[in-house]
Amino acid sequence: MQDIAAAKKSARRIYSELRSNIPEKVRKKKSCDILSKILTLSAYNNCDTVLTYMSFGSEVDTAELILRALKDGKKVALPVSEYASLQLSFYEISTLSELAAGYKGILEPFPSPDNLVRDFENAICIVPGLAFDKNGYRLGYGKGFYDRFLSSFTGTSIGIAFDECVTDAVPTDSYDCKLDLLVSDSDVYYLNEALQKGC
């Protein structure tokens, strides 16, 4: 277990630096390519709810995805991290102006019982990470928020990553949840056997 923790820590450092070294102009183009691929997915086109996050730093830009999903009439919800319980709660938004700086300056919705999403039927969840592998596993940021959420999420989970952050295998342990799809700037990986390519 300690060896896995050390391997994850080392991999986080490597992929964080690798991603940060991608020129901003290139990252923007790659983010657009990823968005274009998401919009072709039946999982996106057939869903009612898009759970996503506001990108931060060198992450794949999600702002345009949020705007497009709102334009497409989807219910869009972003997470608020509850650090006492290490749980994620998702809150619906109707415009980017409803977001404010939260933990580490990351934009997040204002948590209110009125916009808390409790029903995840027919939803997709766009999942962040530092690296992803072709088996469906991700290297997260180390707190386990998304793995806790995904362990009971019944919708379609979709990782998004630049090609530079897609690898054959990332360090995993028993708590890591496998994703259904991975979208990079050059490809779509169908990781769940129940999801057939093109359907």
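Visitor: Quick one: is F90 buried or exposed?
Guide: F90 counts as buried, because its relative accessibility is 1%. Buried means under 20% relative accessible area, exposed means over 50%, and partly exposed is in between (1.4 Å probe, protein chains only).

Visitor: What am I looking at, and what are the ground rules?
Guide: This is a predicted model, where local features need pLDDT of at least 70 and side-chain atom pairs count only at pLDDT 80 or more, while totals for chains, interfaces and linings use all residues. Residues are numbered from 1 along each chain as its sequence is written, and side-chain values use heavy atoms, with hydrogens and water left out.

Visitor: How many aromatic pairs are there?
Guide: The count is 6. Rings of Phe, Tyr and Trp (its six-membered ring) pair if their centres lie within 6.5 Å; planes under 30 degrees apart are stacked, over 60 edge-to-face, and the rest tilted.

Visitor: What's the geometry of Y83 and F145?
Guide: Edge-to-face, with 5.0 Å centre to centre and 75° between the planes. Y83 lies in the loop between strand 2 and strand 3 and F145 in helix 5 (residues 145–150), so the pair ties together parts 62 residues apart in sequence. Helices (H or I, at least four residues) and strands (E, at least two) are DSSP runs, numbered from the N terminus.

Visitor: Buried or exposed, that F145?
Guide: F145 counts as buried, at 9% relative accessibility, whereas Y83 is partly exposed at 35%.

Visitor: Back to F90. What geometry does it have with F120?
Guide: F90 and F120 are edge-to-face too, at 6.4 Å centre to centre with 80° between the planes. F90 is in strand 3 and F120 in the loop between strand 5 (107–109) and strand 6, 30 residues apart. F120 is partly exposed, at 22% relative accessibility. F90 and F120 form one aromatic cluster with F149 and F153.

Visitor: New topic: what's the strand order in the open sheet?
Guide: Its 7 strands run 3-2-1-6-9-11-12, with mixed pairing (two strands pair if DSSP finds at least two bridges between them).

Visitor: Which strands stand at the edges?
Guide: Strand 3 (87–93) and strand 12 (188–190); each has a single partner strand, so one side of each lacks a neighbour in the sheet. Neighbouring strands are turned by 25° against each other on average, direction ignored.

Visitor: What does helix 2 touch?
Guide: Helix 2 (residues 24–38) packs on the sheet, touching strand 6 (123–127), strand 9 (156–161), strand 11 and strand 12, and its direction makes about 140° with that of strand 11. Contact means heavy atoms within 4.5 Å; axes are lines fitted to C-alpha atoms, for helices over the stretch in contact, and angles run from 0 to 180 degrees between N-to-C directions.
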